[in-house]
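Here are my notes on the model you sent over. I went through it chain by chain and then looked at where the chains meet.

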Amino acid sequence: MINSRIQIGLISGLLIALGVGLTLYKAVNLNLPLLPGEYREVWTVESKTSFTPTDGPVNVALRLPTSLAGWTILDEHFVSSGFGFSIIEEPATVSTARWTRQSLGHPTTLYYKMQVYRARADRQLPPLEPGVPVKPLLEADQQAAMDRVVQRIQQQSSDRESFTLLLLQQLLRESQDQDILFLLNSYNDDSLAMILHSLASAGIPAHELRGIELEDGRRRQTLSSLIEVHSGEKWIIANPTTARLGLPDNFFIWQRGDGAILNLSGGRNSSLEFALVSNSLPAKAVLGMEQRAEEFALLDFSIYTLPVEQQGIFKGLLLIPVAALVVVIMRLLVGVKTSGTFMPILIALAFIQTTLLVGLIIFLGLIGSGLWIRSYLSRLNLLLVARVATVIIVVILLMAALAVASYKLGLDQILTVTFFPTVIVAWTIERMSILWEEEGGHEVLIQGSGSLLVAVLAYLAMSNNLVEHLTFNFPELSLSLLGVILLLGKYTGYRLSELYRFRDLANKE
Amino acid sequence: MSLLVSPLKLRELGILGMNNRNIGFIGRYNQRKNYGLADNKLKTKSAAIARGIPVPELIGTVDYQFQIRSLSELLQDREAFVIKPSQGSGGKGILVIVGRDGDKFIKSSGVLIDEREVRRHSSNILAGLHSLGGRNDSAMIEALIDFDPILKDYSYEGVPDIRVIVFRGVPVMAMMRCATHSSDGKANLHQGAVGVGIDIGTGKSICAVQHNRIVSQHPDTHINFDTLTIPHWQQLLELASGCAGMAGLDYLGVDIVLDRLRGPMLLELNARPGLAIQVANQAGLEHRLLIAAKIATDSSLADGSSFAEGSSFAEGSALADGSSFAEGSSFAEGSALADGSSFADGSDNASQKIALARRYFTTQAT
């Protein structure tokens, strides 16, 4: 019989070689890139339509954006609890989402979420026949002031483009002349309306271009407006807040042309706000979202051949071996104490859903308040199984309370609390509580922070772009990980923590 | 002094690390089927009684939740007792009652608790809270040991016990564990008890540690550990050695208490003894385990021809690369268990092993 050490060495070597070999084969022969490569910025835009209903039926119509100026919409999602919902496609490539309900008693928010990214660098808008500008109907004194302003700017400008720029500059200037001040005042400081009217008075075709300025992490972004002006040959875009020409990079066009984006009947105090998050995704993955089927169907060995839903599941599952390796290294080579051997992996998986900081806050909050309630339960003298069950229910209630409170406060991120594994959290609380009673808070702190440290490291490993790319596209690398873990299982050397633990032994003389 | 020692230095000293303990010794020498006896204190106790090894008196056991209601009847004429899970690990879940005050019970720390608390504790034990793997367990109630007054000042609010590491029937290293106020009367190093290394050859103290740091006196009683000599030392080593055969485990921790009248008594066995004993002894286990393996297999050692001086082992060239041990040299393949079964008879073999151990595992002149 072969020595077990040699056996392990052989098996591990074989597994590692097999994993690496298959990976190289796929990389070289099937042209799968080993590195995630170019990244695309994918924005998640969530629109929140809030209103206070009045008596009678409620009808909310939200005009939906179309893919314009190089932007592509990947994915759309509507939340319409209790509402009738339909999307009305109109021939002119404009679609509207409509929520309806017979009656409603409380202020409500409706959600529409989409993922967009800039597919092409060019910002061409589709051709549009310029209409004949309709001169605004104004009061006599307004008209006189408007005429003077338009005339003066026309004298200073050479064409429609320079007219527009001069007009915008005039409005941004600190010391404005009397006519402009008067006009702004009569328009109730709605400079956009005034600009459009001035352009119309000058006979220049123009309309509004409404959309969102994309800024990562913004939770209450509102719509902003640009102005599109026809120069005679083509449309040019001007920004009234900066008096610059051209479409800004971070501007996502929601609607081109006039007309309301939000139509509400049976309600008041309506508002439309946007929450924005940006993610960097590999170009390949973005491409995959669009045309996964034909792109990757050739790869027999790949997870890409599975249905999209299962792909998503495997994407998560294939990351777990990496986390397991982190746990093995931290426990066998470093010697970190954790509460429950693989509990850190589950916490790390939850962190992936919640993002690290939010996850840490939620986790510490849950464990902290759970321990506090558990300290009361310990006085009630309950049987163990009943007590753990109680803690499970308490944890669920805590999670619900946290979710509801955060939702009311507008902190939507905390809603991800549901991704924490309830039973594991409950057992962690129970163990920590016993540890506290038996060995004191010190030990709780050591094991608790050890678990969190390992969880955070596992999270960092799993959320790494390269790791994600490799595990998903080259699942055979899990075999190599298995080989490494088998080898580590035979490691008889010292742990890092033991070099500290036994320091007094070596230092005695 | 530096915060970390180099692994080379540790290897040179023969310090046994956790990974090597698990793979090289526990995994290699201790058969899993034999864990049951060591992990279950009730089984340990009955096996010990069958072999005539002295143990603390068993007052009773509680196996089912409904029996907890009649707990008070079981305890009614007992002033002092100990409730522990029969499958507990690492000293967890041990409740020591040293006396009564009316309806209340006095814990070793002097804290008063009522009967409800005692019942709750027993109920937790039955539910498996303190047990290996959280299995359902039974609670055993033992008489409190009337420990040897010589050791009285070395332990605060608790019974001191002596842990002996026995490898293939040879006592290798020993340590007395003294309860402190911070360990709540428990002789558990994790919880802040003081570990005092005891010389196998002489039964005298070597060094004392608390929380892995060297201390010279007991933090509560302020007695100096230098003067400590364990009484009945030979008898204690014989008991420890005898347990190896009983347990069928080659790498074993034997916990022994010294009773005032009955001398050394077996408290419990541990199939996975900890490594802190090395710090308390200021010596590594690995070299000693190598020598112990030779003692166990090679009776010709008795004439001392193969080993020149006790002190030379640590420097010995064969031992310099401690890792070779785990690889399995010739002696390791020996029929360990077949050997082990003969110890408990108190045969010449056993006494010879102890004599050799006392000769080689000492740093003090006798």
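How many helices and strands does chain A have?

1. Chain A comes out with 17 helices and 13 strands. Bear in mind that this is a predicted model. Of the 509 residues in chain A, 29% are buried.

2. On confidence, chain A has an average pLDDT of 79, and 87% of its residues reach at least 70. Among its elements, helix α8 (residues 320-334) of chain A has the highest mean pLDDT, 93, while helix α6 (residues 283-296) of chain A has the lowest, 50. The stretch to watch is residues 289-299 of chain A, where pLDDT is below 50; the model still gives this stretch twelve contacts beyond near neighbours in sequence.

3. Have a look at the helix pair α2 (residues 140-156) and α5 (residues 191-201) of chain A. Their axes come within 10 Å and cross at roughly 70°. An angle from 65 to 115 degrees counts as roughly perpendicular, so that is the label for α2(A) and α5(A). On the α2(A) side the contact uses A:M146, A:V149 and A:V150, and on the α5(A) side A:H197, A:S198 and A:S201. Sorted by class, this contact has three nonpolar and three polar residues, with no charged ones.

4. Next, a run of strands in chain A. Strand β8 (residues 224-230) of chain A pairs with strand β9 (residues 235-239) of chain A in the antiparallel sense, over four bridges. Within that pairing, A:I237 of β9(A) sits opposite A:E228. The hairpin has four residues between the strands, and A:G232 takes a positive phi near 115° there.

5. β9(A) also pairs with strand β10 (residues 244-245) of chain A, again antiparallel, through two bridges. A:N239 has A:R244 in β10(A) as its bridge partner. This hairpin has four residues between its strands too, and here the residue with a positive phi, near 60°, is A:A243.

6. Over to chain B, with 14 helices and 13 strands. Of the contacts in chain B with a separation of 6 or more, 67% are between residues 24 or more positions apart.

7. Which order do the strands of the seven-stranded open sheet in chain B follow? Reading across, it goes β11-β10-β9-β8-β7-β12-β13, with antiparallel pairing. β11 and β13 (263-270) of chain B are the edge strands, each pairing on one side only. On average, neighbouring strands in this sheet are turned by 35° against each other, direction ignored.

8. At one end of that order, strand β12 (residues 251-259) of chain B and β13(B) are joined by seven bridges, running antiparallel. B:G253, for instance, has B:N270 of β13(B) as its bridge partner. Elsewhere, helix α9 (residues 285-297) of chain B lies across β7 (161-167) and β8 (170-178) of chain B, at about 135° to β8(B).

9. Finally, the place where the chains meet: 26 residues of chain A and 34 of chain B take part. Elements of chain B that each supply at least two residues include α1 (7-13), α2 (18-29), α6 (115-127) and β11 (213-215). The chain B side has 15 nonpolar, 14 polar and five charged residues.

Notes. Residues are numbered from 1 along each chain as its sequence is written. Chains are lettered from A and ligands numbered from 1 in the order in which they are written. This is a predicted model: local features need pLDDT of at least 70, side-chain atom pairs count only at pLDDT 80 or more; totals for chains, interfaces and linings use all residues. Two residues are in contact if their C-beta atoms, placed from the backbone, lie within 7 Å. Ala, Val, Leu, Ile, Met, Phe, Trp, Tyr, Cys and Pro count as nonpolar, Asp, Glu, Lys and Arg as charged, and the others, Gly among them, as polar. Axes are lines fitted to C-alpha atoms, for helices over the stretch in contact, and angles run from 0 to 180 degrees between N-to-C directions. Angles under 35 degrees count as roughly parallel, over 145 as roughly antiparallel, 65 to 115 as roughly perpendicular and the rest as oblique. A residue is buried if 20 or more other C-beta atoms lie within 10 Å of its own, exposed if 12 or fewer, and partly exposed in between; C-beta atoms are placed from the backbone. Two strands pair if DSSP finds at least two bridges between them. pLDDT is the predictor's confidence in each residue, from 0 to 100.
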